[in-house]
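Hello,

Here is the structure you asked to see. Please open it before you read on.

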Amino acid sequence: MKSPRRPQLTRAAKPLTFEVEAINERGEAVPTPIAGEHPLTLYVDKREIVTLMTLGQAPEALAIGYLRNQRLASSIDDIAAVQVDWETDSVVVTTRKALKGLDAKMKKRTVTTGCGQGTVFGDLMEEIDSVKLRDDVTLTEESLHAALDEVRHRETIYKSAGAVHGCALIQNAASNDDGVRILYFVEDVGRHNAVDAIAGFMWLDAIDGSDKVFYTTGRLTSEMVIKCAQMRIPFLVSRSGLTKMGHQIAERVGLTMIGRASGRHYLAFTGKHRLKRTAPQSTAIA
């Protein structure tokens, strides 16, 4: 199999938190960290696509993942370079050849339930019926609990400053002798930015999602389900709840959707056949 060509990348991550002075309920001045938030306008071959509000943790991966999840680019091979310039608050993507169907997809915009106002280009349900998720992979309760515990230790920006969402791509213990392992963890001011950044990292590192678990702190909406399915990830987990359309699309593509997941508690809504529950221990009576 031919290895994908990595594009040329800047490495322009921003500081993630900034300290400001606040006054507490006792009238005391308290130095307090707050999350960063920066506008980042995405250009593709000199054409303006969208302005994203971002923490700035992984702007290059965010731009690549945005193009991937919006179906504006079909492969990492399409992208020659990604250059971030915070002086102009811009990220410029140069392609190896013009992206196919860009004009047609940009004519139709759907405002989503993303933090702030998200936008999806093209048909929201485009290609969804062609998505095939693996049915030969499972997730045990033990692995789910271990994954939730691992994520809890990674939420550093949320713990110090709040105001962010986090997403993680997790190696499932069922396909990894080393047990549950977080491959990527990204925090951003919007949950869709975080999932897009992980999608970008997956393309850059040629990571196959077909046996992985995706975790998000945000609610499970239709767009989150579609993005997870497009990355061919069979497991989607959130500590939050879900929407009706998110549930309908998860059922349609056969995704295993788990919500309200915290500690040892969870609710499995769809794709329950992939979840392997631990048999309850019986109590012997003397």
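Below is what was found, starting with the whole chain and then going into its parts.

**The model as a whole**

This is a predicted model. Its average pLDDT is 88, and 87% of the residues score at least 70. One stretch needs care. Over residues 282-286 the pLDDT stays under 50, and the model shows zero contacts there beyond four places in sequence. Where pLDDT is low, the predicted coordinates should not be read in detail.

The protein chain has seven helices and 17 strands. Of its 286 residues, 51% are buried. Take the contacts between residues at least 6 apart in sequence: 58% of them join residues at least 24 apart.

Find strand β13, residues 212-216. Five of its five residues are buried, so β13 is largely enclosed by the rest of the structure. Which way do its residues point? Lys-212, Phe-214 and Thr-216 point one way, and Val-213 and Tyr-215 point the other way.

β13 pairs with strand β11, residues 165-171, in the antiparallel sense. Five bridges make up that pairing. In one of them, Tyr-215 of β13 is the bridge partner of Ala-168.

Strand β14 covers residues 235-238 and runs parallel to β13. Four bridges join the two strands. Here Val-213 stands opposite Phe-235 in β14. To get from β13 to β14, the chain passes through helix α6, residues 222-230. This β-α-β crossover is right-handed.

Asp-211 lies in the loop between α5 and β13. Is it buried or exposed? Asp-211 has a relative accessible area of 12%. The cut-off for buried is under 20%, so Asp-211 counts as buried. Its side chain makes a polar contact with the side chain of Lys-212, at 2.7 Å.

Nine of its nine residues are buried, so α6 is largely enclosed by the rest of the structure. Among them are Ser-222, Glu-223, Lys-227 and Gln-230, as well as Val-225 and Ile-226. Just after α6, Arg-232 takes a positive phi of about 65 degrees.

Helix α1, residues 59-69, is likewise largely enclosed by the rest of the structure, because eleven of its eleven residues are buried. They include Glu-60, Arg-68 and Asn-69, along with Leu-62, Ile-64 and Leu-67. Just after α1, Arg-71 has a positive phi of about 60 degrees.

**The nonpolar cores**

In soluble globular proteins, nonpolar side chains tend to be buried together. Which residues touch the most other members of the largest nonpolar core? They are Leu-42, Ile-49, Leu-67, Val-93, Ile-198, Phe-214 and Leu-255, out of 54 residues in that core. Helix α5, residues 191-204, gives the most to this core, with eight residues.

Now look around Leu-255. Leaving aside neighbours within four places in sequence, Leu-255 is in contact with residues including Leu-133, Val-225, Cys-228, Phe-235 and Leu-236. Val-225 and Cys-228 are buried residues of α6. Other contacts of Leu-255 include Ala-250, Thr-270 and Arg-274.

There is also a second, separate core of 19 residues. Leu-139, Leu-144, Ala-261 and Leu-275 are among its members.

Best wishes

How values were computed. Residues numbered from 1 in each chain as written. Predicted model: local features only at pLDDT ≥ 70, side-chain atom pairs only at ≥ 80, totals over all residues. Heavy atoms only, no water. Buried < 20%, exposed > 50% of the residue type's maximum accessible area, 1.4 Å probe, protein only. Pairing = 2+ DSSP bridges. Right-handed = clockwise from strand over helix to strand, strands pointing away. pLDDT = per-residue confidence, 0-100. Contact = heavy atoms within 4.5 Å. Core = buried A, V, L, I, M, F, W, Y, C linked by side-chain atoms within 4.5 Å. Polar contact = N/O pair within 3.5 Å; in protein donor to acceptor, adjacent residues only side chain to side chain.
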